[in-house]
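Please describe this structure for someone who has not seen it before. A careful account of how the chains meet and of a few local features would be welcome.

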Amino acid sequence: MKSKSRLKRLSYAKYGYIFSIPFIAAFLIFSLYPTIYTAVLGFTDCRGIGNNDWHILENPFENFKEILSNDSFKLSLKNTIVIWMMNFIPQITIALILTAWFTSRRNEIKGKGIFKVIFYMPNIITAATVAILFNALFSYPVGPINDLLVSSGVKDTAYNFLVDKKAAKIIVAFIQFLTWYGNTMIVLISGVLGISPDIYEAAEIDGANGIQTFFKITIPNLKTVLLYTLITSLVGGLNMFDIPKLFLDGGPDNSTLTTSVFIYNQAFSGSYMYNRAAAASMIMFIIISICSAILFYIMRDKDAAKLKKEAKLAKKESRKRGAFV
Amino acid sequence: MKNGYSKRGSSRLFVISAYIFCIIMAIISLMPFVIMIINSTRSTSQIQQHAISLIPSSHFKANLDVLTSKTFDPLKGFMNSMIISVFSTLCSVYFSTMTAYALVAYNWKLRSAFFTVIMCVLMIPAQVTSIGFYQFVYKIGLTNNFAALILPSIASPTVVFFMRQYMIPALPMEILQSARIDGASEFRIFNQIVLPMMSPAMATQAIFCFVSSWNNLFLPSILLREKEKYTMPIMVSLLKGDIYRTEYGSIYLGLFLTVLPVLIVYFLLSKYIIAGVALGGVKE
């Protein structure tokens, strides 16, 4: 009887493999193979469209060396990080403030639903469109923003934002902020709603005020969700392409050149230097992996890790004991 | 509330400041798009006199004529984007549900290893592998072919992850067992019993797949080099070119046309979309 049921389970297990075949096949062909291909190209002399005659370089790391000492790449990496920070810090701050208000137990805010719909809306709109729209909004000498500034008396004459390096960076960061803060807020709110209400009740009985509850209960309990937000935002930020590419094509004077735009320009315009672009991609790949790994390590749930370890130890122990008996 | 005046006063102040802040954020979020919609009905000379106005004008048709007289072809872009988005959404949702089902319903040896792999792949952005992807697609002759943009969505780790999260509590094994006893094959069980049960989660994921595929610029702009194959976001990038330099009204109209379908979908389904975003955040 027992062996029969085991046999039955075994015969079903193969469907686990069968149902995974489409995913695995598509993954191997369209994801893993291109990744390895990209890595290999980074070590070759492959450039020019339709070039099938490429070889591994004598000094395989030449492309990597060249990229790492390339001023444009260094600048693009710096820009990417600066723009991401300029977007992420205000984004997470405002999202947290809104989350605290929208989940406040004492002061119910009416119209939450409508606000959520409005705040999330920019996220769903094509980033390419938003970038070009902002290009039009800031246009000089007559654009909506300049019109607003001049007619409200903030500025005497129109200002050409699009040739100002600092302004261009701020605008790209602002677009990034605008498209993502609503998303972050909704994710955080759902995280807060997932925290057991008992904890809040206990805090209320103990006489904690709103600010105390927020910092002592909400934030620590949101750790996983914050980690999720941070990682997705970081990965997205390090790959920023649509907005800087279409807003000013990396300009003015490379001030909004991000690494993705750099890679795109290396590979798909002008000299078609696939090898260098591939090397740059791999460098980004490594940076992203390291960042995610560090974040995971810092934010890991220490208690859970400890419990898991103990459970493992206990299991081992019992197995040992079982063997002895 | 019970503690008398001072607390009530402070909480009223709190509510008022919260509302003011929310309204400011709402205006910031909406303003660019309102300007876009209104300016799409105004003539270029009107925009040059005053770039901001809250009153729509009557030049919508004129702007449309200018817009379509040049390379910008919203209908073509719409159709191309539609084909790619619909098919990649179908592929992604169907096969991801299938993969999630394999992970939830069957007990196989490599199951947890497979799931770990999926979790790791989740982090790899498509951009960093794009050079190899382009070379590979070029080699097999699929550039300018929509298949190169549709087929990869069969392996969508994020969708698998969410479908699995949803499936674990929602899939009653007893029903599967009784279907087996009735002699249904595993594929029939999946297609006729599991799929209908998962349809709410599949619908949510479908919205996100559709929107992200519709908005994708990077891969299509690499792979699709023929004008006939341009998707909506590539069409949008044409609006920045020299040919529309002085046609402000038509630029705004072009932008408006590209987001119109997305906006309609959003306002019809906003409840589900926001619930879906919220679901995505609650991991573990």
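The report below turns to the interface, then to a helix pair, and then to some local details.

## The interface of chain B and chain A

This is a predicted model, and what follows should be read with that in mind. In the model, 94 residues of chain B are in contact with 94 residues of chain A, and between them the two chains bury about 8600 Å², of which 77% is on carbon and sulfur atoms. Within chain B, the residues that lose the most area to chain A are B:Val128, B:Ile131 and B:Lys240, which together account for 8% of what that side buries.

Helix α1 of chain B, residues 5-39, supplies 19 residues to the side of chain B that touches chain A, the largest share from that side. Sorted by class, the residues of the side of chain B that touches chain A comprise 66 nonpolar, 20 polar and 8 charged ones.

## A helix pair in chain A

In chain A, helix α3 (residues 71-102) packs against helix α7 (residues 165-193) at an angle of about 35°, and the axes of the two helices are 7 Å apart. The crossing of α3(A) and α7(A) is right-handed, and the contact of α3(A) with α7(A) is made up of 20 nonpolar, 6 polar and 1 charged residues.

## Salt bridges

Over all chains, a search of the whole structure finds 7 salt bridges. One salt bridge joins B:Asp65 to B:Lys61, with the closest N and O atoms 3.1 Å apart. Both B:Asp65 and B:Lys61 belong to helix α3 of chain B (residues 60-69), where they are 4 residues apart, about one turn of the helix.

Methods
Residues numbered from 1 in each chain as written. Chains lettered and ligands numbered in written order. Predicted model: local features only at pLDDT ≥ 70, side-chain atom pairs only at ≥ 80, totals over all residues. Heavy atoms only, no water. Axes fitted to C-alpha atoms, helices over the stretch in contact; angles between N-to-C directions. Left-handed = near helix turned anticlockwise from the far one by under 90°. Nonpolar A, V, L, I, M, F, W, Y, C, P; charged D, E, K, R; others polar. Contact = heavy atoms within 4.5 Å. Buried area = accessible area lost by both parts, 1.4 Å probe. Salt bridge = Lys/Arg side-chain N within 4 Å of Asp/Glu carboxyl O.
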